[in-house]
Amino acid sequence: MIHSTLIRRALAFAMLAFAAASPAQTPGTTLAACPPGTQRNAADAAAVAERSRELKVLGIEQMKPAVGAFDIGKPCNANYDEALANPYPKLPDALTTRAGKKVTTTSHWRHDRRPEIAELMQSQVYGFVPGNVPAVTWKVTRTLRHSIGGIAVVTKELTGHVDNSAYPSITVNIRANLVTPADARGHAVPVIVMNGSRLQPIPRNPPASLPHNISYYSLLGEDNLEQLLRRGWGYVALDSTSAQPDSLPNGDGIGRGIIGLANRGKPRGMDQWGAVRAWAWADSRLLDYLVTDPDVDARRIGIFGHSRFGKAALVAMAFEPRFAIGYISAAGAGGSALFRRNFGETLANLTGPGEYYWFAGNLMKYAAVGSSPDELPVDSHELIALCAPRPLFLSGGIFMSEPGKIPGDAWQDTRGTFMAAVAASPIYTLLGAKGLGTDTMPPPLTLIDSGKLAFRQHTDGHTPSPNWPYFLRFAAREFAEP
């Protein structure tokens, strides 16, 4: 049921950019080359209007059409043929500055090239966080003692209130639950932040044993979560959308949440943050609290995210040095997979009415008619490089052709993630750490974890669950190091 639900949601996301529109509406939504049956009216009117405004600001008259996910071999569907997947094989060199100078020392990387990549990642892909973002004040609103899967735990219900005194029309309260083993009280434990959790209200008088979906990312499965707790670790279920709405089906989301509050209701600039960067900002603000909690080992806080929240978790790792480790699951295009690939989701999908708000407006320039992803001055291997030399576990699933399972996790292009990890490995080497250790894509179910970059491709659909136990083992090794 989870798999079929996710597939249907992925289809909805893929088709949002096919929203039917008259010539008077947003540029680029007329898809004359595509069969009428591929067009949808799913995009929210507010999303179409805001995207239209941004396209006009950018001077873009027409966007490339997005692709679908499931009609294999038919017009307007994604490519799943590896022979056609690399139209732009030459990646930007992460160890060459824009001025053409080779980076050969750690000092040169840290003081020159890394800031250069970080600036480009923000200005062209994810957006800058404005300098006037209000402060966040955290409170523990409730402390509960109960059990999860037979394990005694303590849950602290957290609320991070963002100061809205300068613009009271928008209220932002970031919600999270910190869960630690009850027998660890008095001892600081490693904690994994579950980016993108779907929190349910905890009853006023909760039962002794709470349902799992109250406190954790619902795609993991009970057994996997219990593995973490039985190790004596804790986790934080963070409702990322309480900081910034995931605008579907409410496309005016970038006018609300922390983006709307920081802009005081005004439209964003084209190099300002989208939802992915805002979710990563919320991860950092949660970290501000966690490093003060006596039950949390501030040196051993990791972050996990799946799908679009995997994109946010990777961005959080890249821009927040206090995260010690990351598990990035099926982050795909706009996350861990290369932009220059043509496999599964495309840049045209990322910049369509259903997803453009995840990113800076500037990203739409590279999906306009007459432009290409090859013009991007950065690519995803450099986002991974910004995490170096900290450990990072990258994963995803395979293409699946069985009826009802098409295309499996191929939309997220796991090979594109592997290729990005390969290209990021020289930065790990420069910084004195081992990267991936191979440039040969391994067979599915093969774990690569001999270095600080780990990789495993599972054989299931769009889910993080199969690789979770392997991440925990990888993290246990890293956390055990002095």
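Axes here are lines fitted to C-alpha atoms, for helices over the stretch in contact, and angles run from 0 to 180 degrees between N-to-C directions. Helices (H or I, at least four residues) and strands (E, at least two) are DSSP runs, numbered from the N terminus. The model before you is predicted: local features need pLDDT of at least 70, side-chain atom pairs count only at pLDDT 80 or more, and totals for chains, interfaces and linings use all residues. Residues are numbered from 1 along each chain as its sequence is written, and side-chain values use heavy atoms, with hydrogens and water left out.

I begin with a helix pair. Helix α3 (residues 106-126) packs against helix α7 (residues 308-319) at an angle of about 145°, the axes being 12 Å apart. In contact, meaning heavy atoms within 4.5 Å, are R114, A118, M121, Q122 and Y126 of α3 with V315, A318 and F319 of α7.

Next, the sheet. Nine strands, in the order β1-β2-β3-β5-β4-β6-β7-β8-β9, make up an open sheet with mixed pairing; two strands pair if DSSP finds at least two bridges between them. At its edges lie β1 (136-148) and β9 (453-457), each pairing on one side only. On average, neighbouring strands are turned by 20° against each other, direction ignored.

Finally, I turn to K156, in strand β2 (residues 151-162). Is K156 buried or exposed? K156 counts as buried because its relative accessibility is 10%, the limit being under 20% relative accessible area with a 1.4 Å probe and protein chains only. Residues touching K156 include Y289, D293 and D295.

Key. Buried means under 20% relative accessible area, exposed over 50%, partly exposed in between (1.4 Å probe, protein chains only). Lists of a residue's contacts leave out its neighbours within four places in sequence.
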